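Here is a set of questions and answers for a first look at this structure. Keep the sequence and the view at hand as you read.

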Amino acid sequence: MSQTLSVSSLNNQVKSLLESTFLHVSVEGEVSRPTYHSSGHLYFTLKDTDSSISCVMFKGNTKALKFQVEEGMAVVVHGSISVFSPRGTYQINCTMMEPSGSGALAKAYEQLKAKLGAKGYFEAERKKPLPRFVRHVALVTSGTGAALQDMLRVAMKRWPLVKLTLLDTLVQGENAKHSIASNIARADTLGADVIIVGRGGGSVEDLWAFNEEIVADALFRCKTPVVSAVGHEIDYVISDFVADLRAPTPSAAMEMILPDSAEMLQHLDGLMERYTLVFGRILHSKEESLDHLKRLFAKRSIDEKLALWKNEIGILQSQYNDKITLLYREKSRHINLLQDQIHFQTRQNLAKKEQMLSSYTIALNSKEPTREQKECYAQVVKAGKKMALEKIDEGEVFELQTPHVILKAKALEKRTLI
């Protein structure tokens with residue numbers, strides 16, 4: 001008869017058997033109900049079409065994950081079997097995880113790229129233009145790497161006048177992302193024209209610090225134009241898409257942002273030749289203009305002006321005299337015409353008046369009394385007024401006046417003659 005075991009004893013034996021037998025397992029399946037606990041642990045179920053098993057990945061191992069575990073993701077987990085005796089359940093204690101069919105880094109790369117793209121980190125509208133002439137460059141790279149020496153060599157060859165400021169940076173390892181992000185923020189305060197962030201070539205793992213979200217955030221917040229120069233031409237990292245410009249290599253970055261001093265000298269020589277030619281043409285044109293002005297000045301000197309003014313005055317005097325003579329002649333003819341008209345009109349008026357005088361004389365003579373009659377005539381005046389004799393009544397006093405005598409009289413009797 002078999003030995004009777006307690007539940008705890010059985011679970012402990014099963015725990016001992018399973019945990020000692022399955023020290024390392026690699027299991028492929030589909031993630032279901034992933035839960036990131038506030039403690040940092042990850043809980044999920046791994047399943048296939050027929051079965052499922054609980055899984056846990058503790059905080060220390062989740063930190064090493066390069067990608068976000070999502071519902072329905074096909075993964076391969078690596079770890080061991082652990083049994084929870086109080087409940088008699090077992091689970092996989094995951095120490096590593098990678099996407100099924102593709103590497104974990106590749107999956108993490110695609111996830112972060114999609115996330116940042118959705119946030120607008122790669123938009124062309126936010127890219128800052130690089131200045132045409134760069135005077136100061138901040139280098140966020142390793143102070144001991146070959147990439148720095150390559151950049152210095154190119155800078156000294158192309159444009160020795162440039163100022164270079166090195167911010168010695170960790171570019172590989174777990175802490176590299178923090179070093180890169182902090183030095184990008186620090187470089188943004190230096191007043192540099194351009195920041196170059198980069199390192200030399202290496203494996204995907206070596207370059208991974210430039211695929212971290214913290215580095216992408218630092219690049220996105222940077223106000224100074226940034227060039228990403230990581231690895232070789234075939235290497236693409238997240239910083240290449242967030243930065244304002246991607247350079248295939250660190251040395252190429254220097255070639256892209258700095259002018260070539262030899263080409264600049266040739267350009268300056270060409271400008272000098274053009275300047276000399278154009279200045280010569282301008283000088284010749286100004287000399288001709290000056291000669292023309294001198295000739296004009298000679299023609300318009302004081303003596304010349306006085307002669308011109310004297311000539312103009314003579315012309316004006318001649319025109320004035322001609323005008324006065326013409327006016328005098330016109331007025332003389334007009335005066336003569338008026339005199340003739342006056343003489344003619346005067347003669348006519350005199351003739352008319354003579355005729356009228358003759359007519360009045362004849363009429364006066366016909367009505368004027370004779371001398372004998374004149375001596376017998378006197379005017380009748382009453383109260384200082386001439387009065388007809390018919391208006392004197394009997395008894396009224398009146399005067400009889402001649403040119404030489406005034407006689408007061410009184411009407412004694414009035415008779416009317418028929």
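This is a predicted model: local features need pLDDT of at least 70, side-chain atom pairs count only at pLDDT 80 or more; totals for chains, interfaces and linings use all residues.

Q: In what order do the strands of the open sheet run?
A: The open sheet has 5 strands, and their pairing is parallel. Strand 7 and strand 10 (245–246) stand at its edges, each with a single partner strand. One side of each is therefore left without a neighbour in the sheet. The order is 7-6-8-9-10.

Q: At about what angle does helix 8 run to strand 8?
A: Helix 8 covers residues 250–257. It lies across strand 6, strand 7, strand 8, strand 9 and strand 10. Its angle to strand 8 is about 160 degrees.

Q: Why is helix 8 largely enclosed by the rest of the structure?
A: The cover over its buried residues includes strand 6 (136–141), helix 4 (146–158), strand 7 (163–168), strand 8 (194–199) and strand 9. Pro250, Ser251, Ala252, Ala253, Met254 and Ile257 are the buried residues. Helix 8 is largely enclosed because the buried count is 6 of the 8 residues.

Q: Helix 4 runs at about what angle to strand 6?
A: Helix 4 also has a place on these strands. It lies across strand 6, strand 7 and strand 8. Its angle to strand 6 is about 165 degrees.

Q: In what order do the strands of the closed barrel run?
A: The barrel has 5 strands, and the pairing is mixed. From one strand to the next, the twist averages 55 degrees. The order is 1-2-3-5-4.

Q: Which strands does helix 1 touch as it packs on the sheet?
A: Helix 1 spans residues 7–21. Its direction makes about 140 degrees with that of strand 4. The strands it touches are strand 4 and strand 5.

Q: Which residue in strand 5 is the bridge partner of serine 54?
A: Strand 3 pairs with strand 5 too, in the parallel sense, over 3 bridges. The bridge partner of serine 54 in strand 5 is glutamine 91.

Q: What is the bridge partner of isoleucine 81 in strand 5?
A: Strand 4 (residues 74–84) and strand 5 (residues 89–99) share 10 bridges. Their pairing is antiparallel. The partner of isoleucine 81 is isoleucine 92.

Q: How many residues make up the largest nonpolar core?
A: Phe44, Val77, Ile92, Met97, Ile184, Ile195 and Val197 touch the most other members. A second, separate core has 19 residues, among them Met151, Ala155, Val162 and Val194. The number in the largest core is 51.

Q: Which element gives the largest share of the lining of the largest pocket?
A: About 850 Å³ of space lies in this pocket. Of its 31 lining residues, Leu65, Lys66, Phe67, Trp208 and Glu212 are the closest to the centre. Helix 2 (59–62), strand 5 and helix 3 (104–118) each give two or more residues to the lining. The largest share, 6 residues, comes from helix 3.

Q: Is arginine 33 buried or exposed?
A: Arginine 33 lies in strand 1 (residues 25–36). It has a positive phi of about 50 degrees, although it is not a glycine. Its relative accessible area is 59%, so arginine 33 is exposed.

Q: Where is alanine 383?
A: Alanine 383 is another residue, not a glycine, with a positive phi, near 55 degrees. At a relative accessible area of 77%, it is exposed. Its place is the loop between strand 11 (379–382) and strand 12 (385–386).

Q: How far apart in space are isoleucine 234 and arginine 33, C-alpha to C-alpha?
A: Isoleucine 234 is in the loop between strand 9 (226–230) and helix 7 (238–242). It counts as exposed, at 76% relative accessibility. In sequence, isoleucine 234 and arginine 33 are 201 residues apart. In space, C-alpha to C-alpha, the distance is 38 Å.

Note on methods: Residues are numbered from 1 along each chain as its sequence is written. Side-chain values use heavy atoms; hydrogens and water are left out. Two strands pair if DSSP finds at least two bridges between them. Helices (H or I, at least four residues) and strands (E, at least two) are DSSP runs, numbered from the N terminus. Axes are lines fitted to C-alpha atoms, for helices over the stretch in contact, and angles run from 0 to 180 degrees between N-to-C directions. Contact means heavy atoms within 4.5 Å. Buried means under 20% relative accessible area, exposed over 50%, partly exposed in between (1.4 Å probe, protein chains only). A nonpolar core is a set of buried Ala, Val, Leu, Ile, Met, Phe, Trp, Tyr and Cys residues joined through side-chain atoms within 4.5 Å. On a 1 Å grid over the protein atoms alone, a cavity is a set of points where a 1.4 Å probe fits but cannot get out, and a pocket is an open set with protein on both sides within 12 Å along at least five of seven lines; lining residues have an atom within 4 Å of a point. Grid points are joined across faces, edges and corners, and a volume is the space filled by probe spheres set on the points.
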